[in-house]
Amino acid sequence: MYVFGVFAVMIAVGALIGAVTNHFAIKMLFRPYKAIYIFGKRVPFTPGLIPKRRDELARQMGQMVTGHLLTTEGIKTRLASDAVKSQAVQVGERLLAHLSQSTATVEEALESIGISNPAQKADQAVSRWADEKLSAFLEAYENEPLKELIPLEAQEKLKEKIPMVSGYILSRAVSYFESDEGKERLGHMIDDFLKERGMLGSMVQMFLGNSSLVDRVQPEIVKFLKNGETARLLTDLFENEWDKLKEYTFKEADDKWNLKPLIFDLKEKFLKRFSLQPFFEKTIGSSISSFERDIALRLPQMADRLLEEAGRRLDQVLKQLELEQIVKEQVDNFPVERLEEMVLSISKREFKMITYLGGLLGGIIGAVQAIFVILI
């Protein structure tokens with residue numbers, strides 16, 4: 001009975017010590033949550049292991065996530081997979097179908113995401129872009145002759161139109177001088193001319209009379225204007241002036257005729273004529289319907305290019321996101337109580353087994369100690 005009692009007591013004590021020790025060791029992974037001080041001295045083993053090493057744990061978890069879990073190569077492989085491409089195409093199809101049925105205008109859609117007055121801003125952006133391009137172009141070529149700036153085809157077309165312009169001017173002049181207004185104007189001109197000639201002009205006017213002189217001069221002027229040589233003369237004059245004008249540099253032409261304000265004024269009028277406002281007033285559905293089928297056919301290619309571009313920019317994106325710092329901050333802000341609850345809920349059975357194993361080992365050690373006690 002003595003031997004049996006020693007064995008029983010030693011095994012029970014050893015098992016109890018082993019189980020209690022393991023139980024408290026598991027608890028001390030998390031508890032106490034904060035350091036305990038007595039008389040200004042920190043009690044050993046406080047706080048628990050995980051709260052004490054929280055900063056190191058957060059840093060190590062951040063490095064593990066970025067270095068082994070969410071790696072660039074792994075994400076790129078996933079993006080290149082057929083499953084992701086198929087999902088991207090399906091998302092595109094659903095989005096396209098939704099947009100094609102939308103009755104909201106483009107302007108309303110943009111304003112709903114915080115972009116106010118999109119049409120006005122788009123026109124202003126186009127105007128600024130055009131100003132920048134025009135300014136850069138004019139500055140770069142200000143010392144170039146106009147013939148280098150105007151396309152050769154345009155030069156030839158303009159030169160071909162010179163005879164037409166000459167004919168038009170002469171025809172308008174003939175019509176004017178044949179009209180009553182033109183005849184009256186010619187009479188005033190003759191009258192002014194004779195007055196400037198003093199006594200000689202007065203004598204001519206006295207003998208012929210102004211009205212008689214107008215009747216004689218008007219047919220001659222009209223005859224002169226209708227003469228083919230006059231048209232050729234005017235055409236030659238315009239061609240000579242056009243050839244001289246082409247040799248001007250843009251800077252010289254601008255200094256003489258102030259071309260820059262004219263060019264920018266034409267630009268403003270052109271952009272007002274082709275404002276983007278009508279586009280923003282259209283519904284999204286009507287805007288997409290005309291080329292919905294083409295977009296649907298190109299969705300696989302668009303998805304491939306989008307995912308390929310995402311893969312190329314992935315390194316830069318992950319670097320800017322600073323995932324390691326994000327994980328570290330999340331772990332730092334995660335309550336230890338919640339972490340303990342999560343770990344215990346997952347590993348509760350395993351921790352119990354560790355406790356039981358401690359009791360088993362303690363019992364075995366107690367049995368061995370009992371043998372030594374009896375033998376001694």
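The following legends describe close-up views of a predicted model. In this model, local features require pLDDT of at least 70 and side-chain atom pairs count only at pLDDT 80 or more, while totals for chains, interfaces and linings use all residues. Residues are numbered from 1 along each chain as its sequence is written, and side-chain values use heavy atoms, with hydrogens and water left out.

**View 1. The largest pocket, lined by residues of helices H1 and H21.** The largest pocket holds about 180 Å³ of space. A pocket is an open set of points on a 1 Å grid over the protein atoms alone, where a 1.4 Å probe fits, with protein on both sides within 12 Å along at least five of seven lines; lining residues have an atom within 4 Å of a point. Grid points are joined across faces, edges and corners, and the volume is the space filled by probe spheres set on the points. The lining consists of His 23, Ile 26, Lys 27, Leu 344, Lys 348, Phe 351, Lys 352 and Thr 355. Helix H1 (2–27) and helix H21 (336–375) each supply at least two of the lining residues, and H21 gives the most, with five. Helices are DSSP runs (H or I, at least four residues), numbered from the N terminus. By class, the lining divides into three nonpolar, two polar and three charged residues; Ala, Val, Leu, Ile, Met, Phe, Trp, Tyr, Cys and Pro count as nonpolar, Asp, Glu, Lys and Arg as charged, and the others, Gly among them, as polar.

**View 2. The salt bridge between Asp 315 and Lys 76.** The side chains of Asp 315 and Lys 76 meet with an N to O distance of 3.8 Å. Asp 315 belongs to helix H19 (residues 314–321) and Lys 76 to helix H4 (residues 72–79), so the pair ties together parts that are 239 residues apart in sequence. A salt bridge is a side-chain nitrogen of Lys or Arg within 4 Å of a carboxyl oxygen of Asp or Glu. Asp 315 is partly exposed at 42% relative accessible area, and Lys 76 is also partly exposed, at 34%. The whole structure contains 14 salt bridges.

View 3. Lys 251 pairs with Asp 255, the closest N and O atoms being 3.5 Å apart. Lys 251 is partly exposed at 38%, whereas Asp 255 is exposed at 56%.

**View 4. A nonpolar surface patch.** Leu 357, Leu 360, Leu 361, Ile 364, Val 368 and Phe 372 form the patch, with about 560 Å² of accessible area together. Patches are made of residues with over 30% relative accessible area and no salt bridge, like charges being joined within 9 Å and nonpolar side chains (Val, Leu, Ile, Met, Phe, Trp, Tyr) within 5 Å. Accessible areas come from the Shrake-Rupley method with a 1.4 Å probe; for residues, only the protein chains shown count as cover. Leu 361 lies in helix H21 and is partly exposed at 45% relative accessibility.

Methods. Buried < 20%, exposed > 50% of the residue type's maximum accessible area, 1.4 Å probe, protein only.
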